[in-house]
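Please take a look at the protein shown here.

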Amino acid sequence: MVLHSGETKRPNRRGGSNPLLDGMNPALAATLTLPHHRLGDEPLPADTALQLVRDELLLDGNARLNLATFVTTWMEPQARELMAECADKNMIDKDEYPQTAELERRCVSILADLWRAPDRDAVIGCSTTGSSEACMLAGMALKRRWSKLGRTGKPNLVMGVNVQVCWEKFCEYWEVEPRLVPMDGDRFHLSAEEAVARCDENTIGVVAILGSTFDGSYEPVAEISAALDEVQERTGWDIPVHVDGASGAMIAPFLDPELEWDFRLPRVASINTSGHKYGLVYPGVGWVLWRHRDALPSELVFNVNYLGGEMPTFALNFSRPGAEVAAQYYTFVRLGREGYRAVQQASRDVATGLAERIGELGPFRLLTRGDELPVFAFTTKPEVTAFDVFDVSRRLRERGWLVPAYTFPDNRTDLAVLRVVCRNGFTHDLADLLIEDLRRALPELEAQTGPSHDPKASTAFHH
Ligand SMILES: Cc1ncc(COP(=O)(O)O)c(C=O)c1O
């Protein structure tokens, strides 16, 4: 254990001056156990504390080999430097840190442009801790807007069963009935027909996901909007759409510019994204934008002091680090439109290439191909009886790869899949290594007499 030379000496409990028992003890860390339930009695030297905590964290998986997460696991050293410089700034102190507030405002404008808002000046939006908070805010705005219509009944929200858990939380916390459209056969996400079939005068909105957490597929936002236009013509109910673009709202603008899923569709009232997913920033930053101030009831907006004036804020929490917003703006400045396009295209190329090669291995069937989100899901072919997706996940983990296996929700709980999320930093070279490891594991998997896990232990997946 190396201690800072300037370290104050720890008191020698035996009262002597043996250097091995005071602050110079090279084996100090080995003599200590970390507190689990109560604070230790005395302080420790900073380096010793750092070493001990860092050592425990070695047991975490390697973030770069984590193909389960959508969240950014690599940023440039310059971004890390900027984040470290901003770690002490509280985002909410707009008056004290007006330039951080200005960067947030610029990010909102840039997103309004990316998401094709017809009137950028009318757009209102803010940063959040992630998409979950952004979705809560969007859901609250939908509910408040509906409640002003003066309808009686219990409010409901229509969405696919494949929504991320934040929407179930929203419904529970804000007492909204979730109307979840189940999967059906090979339809793994919401369809326009199924969505409108569940709408009524108490529907506060329809959530469309770009794209689905389960398999990376885009939901048909334009079709859902058009079907709701027909509902309005027929019944007079004007039901808004919220697009949960946690991942896709930072992919589609660069890779699928022709796809109409955003504010080009008049029915899309609000959109969220996770800056910390394909926005390419470390956790936690998210964004939510409303196409027009009218879509965000004014009583939900609070004002804080800002440069002697007032700035509207809308958030569930108060204090939050400014570093992520600075890092988001840095990334916008650094990459520009072409840089984002190149990075996202690289991730999609890795995803489609890897999916194709996994399909060619033989025992696997692809559900998606990585050509929407750079994410794909695959399962074992029906004739494969020696092993299942849970065995594959476990074998890959032995080599350090984190590839989750999980069962699908209603009505496809019979289906279990593996999902791979390709992100910035997951290169063709790493994909080659993954394929090699998968190929190497197959003979042993095929030699099994059956799946080695307990099917009852498999859980649904909510990331
Ligand atoms: C579609 C979707 N919505 C919301 C979330 C929640 O995002 P966050 O982790 O940024 O709160 C996720 C996370 O995976 C997601 O995929």
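How far apart do the C-alpha centres of domain 1 and domain 2 lie? They lie 47 Å apart. Keep in mind that this is a predicted model. The protein chain is divided into three parts: domain 1 covers 1–60, domain 2 covers 77–332 and domain 3 covers 347–457.

Now turn to the interior. In soluble globular proteins, nonpolar side chains tend to be buried together. The largest nonpolar core here has 119 residues. Val-206, Ala-208, Ile-224 and Val-417 have the most contacts inside it. Helix H9, residues 323–360, supplies the largest share of this core, with 13 residues. The core draws at least three residues from domain 2 and at least three from domain 3.

Leaving aside residues up to four places away in sequence, Val-417 touches Leu-367, Ala-377, Phe-378, Thr-379, Val-389, Ala-405, Tyr-406 and Phe-408.

Helix H10 spans residues 389–398. Its buried residues are Val-389, Phe-390, Asp-391, Val-392, Ser-393 and Leu-396. What do the buried residues of H10 pack against? They meet strand E11 (375–380), strand E12 (405–407), strand E13 (416–421) and helix H11 (428–447). Just after H10 comes Gly-400, which takes a positive phi of about 100°.

Next, find strand E6, residues 268–274. This strand is mostly covered, with 7 of its 7 residues buried. E6 pairs with two strands, E5 and E7. Strand E5 (residues 241–244) runs parallel to E6, and 4 bridges join them. Within that pairing, Val-243 has Ile-271 of E6 as its bridge partner. Strand E7 (residues 286–290) runs antiparallel to E6, joined by 5 bridges. There, Ser-274 has Gly-286 of E7 as its bridge partner.

Finish at the ligand. Which residues come nearest to it? Of the 15 residues around the ligand, these are Gly-130, Ser-131, Ser-132, Gln-164 and Ala-246. Helix H4, residues 131–147, gives the largest share of the shell, 3 residues. How does the shell divide into nonpolar, polar and charged residues? There are 5 nonpolar, 9 polar and 1 charged.

Definitions and conventions. Residues are numbered from 1 along each chain as its sequence is written. This is a predicted model: local features need pLDDT of at least 70, side-chain atom pairs count only at pLDDT 80 or more; totals for chains, interfaces and linings use all residues. A residue is near a molecule or strand if its C-beta atom, placed from the backbone, lies within 6 Å of it. Ala, Val, Leu, Ile, Met, Phe, Trp, Tyr, Cys and Pro count as nonpolar, Asp, Glu, Lys and Arg as charged, and the others, Gly among them, as polar. Domain bounds come from an automatic or database domain assignment. A nonpolar core is a set of buried Ala, Val, Leu, Ile, Met, Phe, Trp, Tyr and Cys residues joined through C-beta atoms within 7 Å. A residue is buried if 20 or more other C-beta atoms lie within 10 Å of its own, exposed if 12 or fewer, and partly exposed in between; C-beta atoms are placed from the backbone. Two residues are in contact if their C-beta atoms, placed from the backbone, lie within 7 Å. Two strands pair if DSSP finds at least two bridges between them.
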